[in-house]
Amino acid sequence: MQIKPFEDRVLIDPEEVEESKSKGGIILPDTAKEKPRRGRVVEVGTDEDLAEKIKVGDKIVYAKFSGDEVEFEDKKYLVISRSDILAVVK
């Protein structure tokens, strides 16, 4: 990975929204659904305390309207602050 976040920020690979069907068989596009707020940690910033708690590969839950989307090598990532991390999924 070529992106290294600074300080207390974390680079996240967010979960993708999957297309689904309603009970009546109507296809619901991803724009009609709430985006998941979970993702996999790709890189951790330079904060030593944060690096002890969050590791690369951890799955986390983050706040609803948090972070900034960045695109790198045709893939979209999310850079979020430490305060936007709500939980680590074990």
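**Entry 1: L50.** I began with L50 and listed what it touches: D8, R9, V10, V44 and R82, leaving out residues up to four places away in sequence. I am working from a predicted model, so I keep that in mind throughout.

**Entry 2: the core.** Next I asked which residues make up the largest nonpolar core. I found eleven in all: V10, I12, V41, V44, L50, I54, I60, Y62, L78, I80 and I85. I then checked which elements give two or more residues to this core, and they are β1 (9-14), β4 (38-44), β5 and β7. Back at L50, I note that V10 and V44 are among its contacts and that both also belong to the core.

**Entry 3: S66.** I moved on to S66, which sits in the loop between β5 (59-62) and β6 (68-72). Is S66 buried or exposed? I count S66 as buried, because its relative accessibility is 10% and the cut-off for buried is under 20%. The S66 side chain reaches the backbone oxygen of A63 at 2.8 Å. Setting aside neighbours within four places in sequence, I see S66 in contact with L78, I80 and D84. Of these, L78 and I80 are listed in the core.

**Entry 4: β6 and its partner.** I followed β6 to strand β7 (residues 75-81), to which five bridges join it in an antiparallel arrangement. Here F72 stands opposite K75 in β7. The two strands form a hairpin with two residues between them, and E73 in the turn has a positive phi of about 50°.

Notes:
Residues are numbered from 1 along each chain as its sequence is written. This is a predicted model: local features need pLDDT of at least 70, side-chain atom pairs count only at pLDDT 80 or more; totals for chains, interfaces and linings use all residues. Side-chain values use heavy atoms; hydrogens and water are left out. Helices (H or I, at least four residues) and strands (E, at least two) are DSSP runs, numbered from the N terminus. Buried means under 20% relative accessible area, exposed over 50%, partly exposed in between (1.4 Å probe, protein chains only). A polar contact is a pair of N or O atoms within 3.5 Å; within protein, one must be able to donate a hydrogen and the other to accept it, and residues adjacent in sequence count only if both atoms are side-chain atoms. Contact means heavy atoms within 4.5 Å. Two strands pair if DSSP finds at least two bridges between them. A nonpolar core is a set of buried Ala, Val, Leu, Ile, Met, Phe, Trp, Tyr and Cys residues joined through side-chain atoms within 4.5 Å.
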